[in-house]
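Student: I have this complex open and want to go through it with you. Can we start with the strand pairing?

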Amino acid sequence: MVKNQVSYNNRQRRLVMQENIAAYLFLLPFLFFFVGFVLYPMFMCVYTSFFDATMGREDIFIGLDNYITLFQDEVFWIALKNTLLIVVVSVPITCAFSMWVASIISKMSVAATSAFRCIFYLPVVTGSVAVTMVWKWMFNNYYGIFNYLGKDVLGILDKPINWLGDERYALGCIILILLTTSVGQPIVLYVSALDNVDKSLVEAAEVDGATSMQAFWKIKWPQMMPTTLYILVITTINSFQCFALIQLLTSGGPNNSTMTIMYYIYYNAFKLYKYGYGNAMGVILAIIIAILSAIQFKAGQEK
Amino acid sequence: MKKIVALLLALALVVSMAACSATEVEETQPQTQAPAQTEAAAGTEAAETADAPVEISLWTYPIGKWTDEATIQSLLADFNAVYPNITVKVEYLDYTNGDDKVNTAIEGGQAPDIVMEGPERLVANWGAKGLMVDLSDIVPEGTYESVIASCTGTDGAVYELPVCMITHGMAINRDVFEAAGALQYLNEETLTWNSVEDFFKAVQAVYDAGHEYVGAIYCGGQGGDQGTRALITNIGGGTYANAEHTAYTYASQENAEGLAKLYAQDGIVFDTAIVAADAIQNFVNGTFQMSFCWNINDELNNADALGFDVLPMAFPSDTTPSLQMGIWGFGVFDNGDEAKIEAAKTFIQFMSQDDAQYTKTVEATNFTPVRDLPGFETVNPLITEYSALDPMQGDYYQVTLGWTQARTEWWNMLQRVNSSDGSAEAILAEMQTAQDASNAAAAG
Amino acid sequence: MAKHNSLAPEQNRSRVYYTICCVLICLIAFTFLFPLYWIITGSFKTKTEILSTTPVWFPSEWVSINYENLMSKRSAPLFSFEALGYRITGPTVPAAIRWLLNTVVMSVSSMLLTCLTAAMAGYALAKKRFYGKTILFSLIVCAMALPKQVILIPLLREMSALGLYDTLWSVIIPIVGWPFGVFLLKQFSEGIPTEMVEACRIDGANEWRTFTDVMFPMIKPGVGACAIFTFINSWNDYFMQLIMLMSTEQLTISLGIATMQGENSTDFGLLMAGSALASVPIIIVFLIFQKYFTKGITMGAVKG
């Protein structure tokens with residue numbers, strides 16, 4: 001009896017062990033890249049953030065000084081505010097806008113749906129530098145297309161607006177451009193999600209006299225929830241990564257109104273060579289992102 | 001089970017240690033070897049290494065045609081005809097990303113052997129950080145008298161072998177100024193404004209002639225900020241930095257009043273969305289009637305798009321204008337390999353010593369030589385026109401410590417001025433803030 | 001009858017709403033199309049027309065000078081690598097060709113590597129029980145949103161220590177390490193019934209065979225989605241390329257064009273010609289794999 005128990009336990013342990021080995025063998029190639037080139041640099045990032053690290057000399061240990069300076073740095077707080085603002089504004093708008101577009105174009109003919117899907121995807125696949133240059137031209141104060149439309153065609157503006165040079169509008173313009181480069185994938189996803197919605201349920205609801213609005217909220221929306229959550233995740237990632245736009249258009253100006261953490265890290269690290277300071281900022285950002293991801297993920301699992 | 005975990009942990013540890021130790025080796029190697037080798041090789045002649053094949057790298061910023069492959073290849077062909085054993089690998093930089101690239105290369109232990117740029121980077125930045133080779137042994141005494149001080153670091157070492165220079169000025173659309181009757185306020189011979197007051201009169205005249213935008217104070221970034229610095233300090237009559245290049249001094253009552261006058265002037269716009277490149281583009285296409293950033297290369301680059309007569313000008317001043325110079329030349333990075341340093345020195349000497357070769361080197365930049373070069377000006381008629389600005393060259397203060405951060409403070413200051421009420425007091429306060437931050441950076 | 005009457009106005013209203021929406025979407029679609037249109041036509045304009053203050057909607061005269069500049073101003077060997085101590089160098093071609101080739105090699109390699117590693121890891125995370133699973137998955141979720149700028153400096157030091165700085169590997173490897181693909185394929189693999197995997201194991205197939213013969217064919221749409229996602233991401237990964245690549249032979253197309261710009265003067269024609277050239281391959285990829293992409297990504301998302 002006892003002997004049997006032991007051999008059973010042994011066998012089970014062996015099986016568990018086998019499964020562990022197999023799992024890690026499957027994970028090995030990924031872990032090599034992940035540990036070596038994501039986790040290790042992350043660890044180094046935390047480590048260097050306690051040093052006064054710059055070009056051309058040995059790093060000097062300074063404890064928490066970088067973090068103390070950071071919390072007293074006005075621009076850091078502005079950058080943090082702007083970064084969160086971009087995320088908070090662009091994520092829901094991207095989701096809502098792409099769902100709206102998807103709901104309209106999914107009712108069109110197959111060819112039209114496909115064509116629109118491509119068009120909305122174009123800014124994602126066209127190189128960011130050139131697209132940004134075109135936007136810069138469109139926002140131009142002197143002969144840009146927006147001022148031309150607003151002033152000469154529609155007559156809404158009595159004088160041209162320096163869109164990217166005005167604190168009130170600059171961040172809005174950045175968010176607008178960011179939107180055009182990020183709705184492509186959500187639209188593709190929503191179109192397919194709408195296709196996959198159980199049609200019989202919708203029809204049944206319509207027979208019961210539900211308006212299309214009601215049908216949408218009561219039937220389609222819950223079925224698209226997983227897609228929406230996925231889109232929330234990728235759009236949040238995308239919004240945090242917004243960097244090239246700032247670098248190419250405003251350098252964080254005017255008056256830091258478009259300064260984001262991403263750009264501020266880059267500025268400190270590559271313009272002022274304050275590597276330790278830049279890393280400290282990166283650590284704070286990583287913590288914020290980790291918390292946000294955890295919340296999003298928890299919400300996703302509960303749903 | 002525990003064994004596996006232990007194994008994996010050990011593996012991770014080994015991987016990270018390997019990475020760590022490799023980093024250390026890479027980083028410490030040049031530092032420990034460099035001084036010893038420099039001393040040892042100080043006495044040896046270039047001849048010793050002349051036969052062994054050496055490959056060196058040369059990184060160039062867009063200084064005239066120095067990023068034009070055909071031009072560079074012809075210069076290299078000349079060099080290799082004499083020194084076939086030295087291979088020069090050229091990489092081309094741009095001003096938007098160039099600094100980042102050099103900095104990452106330095107950080108990655110892959111700095112180039114030769115960089116072609118100016119003292120603000122070679123001397124005040126990389127030189128001051130101890131990354132460059134002292135070139136005083138190959139700079140002939142007395143040859144570069146006019147510029148050598150700017151090429152010398154605070155430690156007395158020469159970090160740049162100067163090649164060419166230019167005087168940065170501004171430019172006006174002569175056709176428009178003529179039509180507006182504004183040419184009376186300036187002197188076309190000396191390329192100067194009669195007075196600061198006349199400059200404002202001219203702007204007003206052009207504005208009244210129906211040109212809403214006469215000129216723009218661009219401050220969307222650091223690109224071409226030499227123009228706004230020179231404009232404001234010349235109109236105000238103040239200085240930008242002290243003569244010792246240890247501190248910034250632009251927050252003065254005069255400079256603030258000068259900027260306040262510009263702020264109030266019709267036709268002068270503050271634009272926080274553009275940098276010099278955009279301002280020049282707007283000047284070329286006729287949106288602006290003057291550009292506060294201009295030199296001979298801007299005229300050459302835009303030759304096929306310019307539909308009017310450009311008149312280069314000095315900045316308006318009540319005394320002699322103090323114009324910004326640009327000095328470009330070669331700097332050699334200390335990568336710890338004596339053979340490469342010698343080869344790099346050989347290359348830059350070849351490019352700048354013999355008159356005939358030096359002429360080619362300078363011609364490629366479109367700028368003017370930094371030493372006596374007989375018969376040079378006949379080469380390009382435009383150079384003769386632009387050289388009228390040369391006697392007004394002022395202090396080369398771009399080597400003041402903390403320069404990189406000071407540049408950012410400057411354009412940020414202009415952005416804040418733009419959203420202020422434009423009074424001299426408000427402007428002075430903003431200037432003071434920027435100056436304090438810059439001086440803090442200068443102090444280290 | 002009564003029911004029909006009550007429905008009619010509602011239907012009418014929704015038809016009007018729908019028409020308005022269609023018109024709006026067409027208008028918005030124009031703004032999405034515009035940058036590409038402007039880039040392509042712009043690449044055929046003269047400098048004067050590009051700089052013009054009144055928009056030139058259509059080039060009055062089509063010139064190829066921008067493409068000629070792109071093709072003639074820089075040159076590089078088509079390929080070059082070192083093997084067994086010999087340096088093999090291809091014929092000299094316009095550098096733009098080499099840059100395009102680099103971009104393709106970089107994107108395709110990161111795509112293939114990511115798909116392989118992510119499919120395997122996703123399978124393990126979804127179907128295997130192992131020690132440290134929760135911790136690993138939390139790490140993956142957190143790292144997913146992490147912007148690369150955060151780890152850039154340590155990564156740069158690491159790459160140069162390994163001698164990979166200024167090689168395409170320095171751009172490919174961080175993309176492969178980025179755990180988004182694993183997350184995607186883990187979600188996908190979870191949708192595959194465990195019984196199928198177990199049945200295969202009972203039939204005596206080893207772990208690897210189970211993966212290649214049963215699992216992989218079933219998660220293929222997800223792998224397709226992961227492939228396209230990675231391809232586009234690495235094609236557009238401007239920042240990493242900017243920091244990691246330096247020499248003319250290693251540059252990607254967008255970086256290469258940047259090095260052809262002068263001080264204080266942007267050659268927009270050249271920029272647009274280069275961008276047009278760079279967008280064409282990726283748009284083709286998208287058009288061809290569109291269906292796959294759509295299907296794969298949605299299934300992955302829905303299953304999650």
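Tutor: A word on terms before that: two strands pair if DSSP finds at least two bridges between them. By that rule strand 4 of chain B pairs with strand 11 of chain B, since seven bridges join the two, which run antiparallel. Keep in mind that this is a predicted model.

Student: Which residue is the bridge partner of B:L161 in strand 11 of chain B?

Tutor: B:F330 is the partner of B:L161 there.

Student: What else pairs with strand 11 of chain B, and in which sense?

Tutor: Strand 3 of chain B, residues 114-117, pairs with strand 11 in the antiparallel sense, over four bridges. One of the facing pairs is B:V115 opposite B:G331.

Student: Is strand 11 of chain B covered or open?

Tutor: Mostly covered. Strand 11 of chain B runs over residues 324-332, and nine of its nine residues are buried.

Student: Back to strand 4 of chain B. How many bridges does strand 4 make with strand 9 of chain B?

Tutor: Three, again in the antiparallel sense; strand 4 covers residues 161-173 of chain B. In that pairing B:A171 stands opposite B:S291.

Student: And why is strand 9 of chain B described as largely enclosed?

Tutor: Strand 9 of chain B spans residues 290-294, and five of the five are buried, so the rest of the structure largely encloses it.

Student: Domains next. What does the assignment give for chain B?

Tutor: Domain 1 of chain B is 50-166 + 327-386, and domain 2 is 168-324 + 392-442. Taken over C-alpha atoms, the centres of these two domains are 29 Å apart.

Student: How many residues of domain 1 of chain B are in contact with domain 2 of chain B?

Tutor: 14 residues of domain 1, against 13 residues of domain 2. On the domain 1 side, helix 5 (119-127) and helix 14 (381-386) of chain B each supply at least two residues. Helix 5 of chain B gives the most to that side, with five residues.

Student: What is the make-up of that side of domain 1 of chain B?

Tutor: The side of domain 1 that touches domain 2 divides into nine nonpolar residues, four polar and one charged.

Student: Now between chains. How many residues does the contact take from chain B and from chain C?

Tutor: 40 residues come from chain B and 31 residues from chain C. Elements of chain B that give two or more residues to its side include helix 1 (2-42), strand 2 (86-92) and helix 4 (98-107). Also among them are helix 10 (276-284) and helix 11 (296-301) of chain B. By class, the chain B side has 15 nonpolar, 16 polar and nine charged residues.

Student: And where chain C touches chain A, how many residues are in contact?

Tutor: 70 residues of chain C are in contact with 73 residues of chain A. Helix 14 of chain C gives the most to the chain C side, with 17 residues. That side has 52 nonpolar, 12 polar and six charged residues.

Student: What does chain C have in helices and strands?

Tutor: Chain C has 14 helices and four strands. Its C-alpha trace spans about 80 × 70 × 35 Å along the principal axes.

Student: What share of chain C is buried?

Tutor: Buried residues make up 51% of the 304 residues in chain C. Of the contacts in chain C with a separation of 6 or more, 74% are between residues 24 or more positions apart.

Student: What is the mean pLDDT of chain C?

Tutor: 83, with 92% of the residues of chain C at 70 or more. Over residues 1-6 of chain C the pLDDT is below 50, and beyond near neighbours in sequence this stretch has zero contacts in the model. Where pLDDT is low, the predicted coordinates should not be read in detail.

Student: What are the ipTM and pTM of the complex?

Tutor: The predictor gives an ipTM of 0.84 and a pTM of 0.86.

Student: Last one, in chain A. Is A:R11 buried or exposed?

Tutor: A:R11 is exposed: 10 other C-beta atoms lie within 10 Å, and the cut-off for exposed is 12 or fewer. A:R11 lies in helix 1 of chain A, residues 2-48. From A:R11 to A:V233 it is 222 residues in sequence and 42 Å in space, C-alpha to C-alpha.

How values were computed: Residues numbered from 1 in each chain as written. Chains lettered and ligands numbered in written order. Predicted model: local features only at pLDDT ≥ 70, side-chain atom pairs only at ≥ 80, totals over all residues. Contact = placed C-beta atoms within 7 Å. Nonpolar A, V, L, I, M, F, W, Y, C, P; charged D, E, K, R; others polar. Buried ≥ 20, exposed ≤ 12 C-beta atoms within 10 Å, placed from the backbone. pLDDT = per-residue confidence, 0-100. Domains from an automatic or database assignment.
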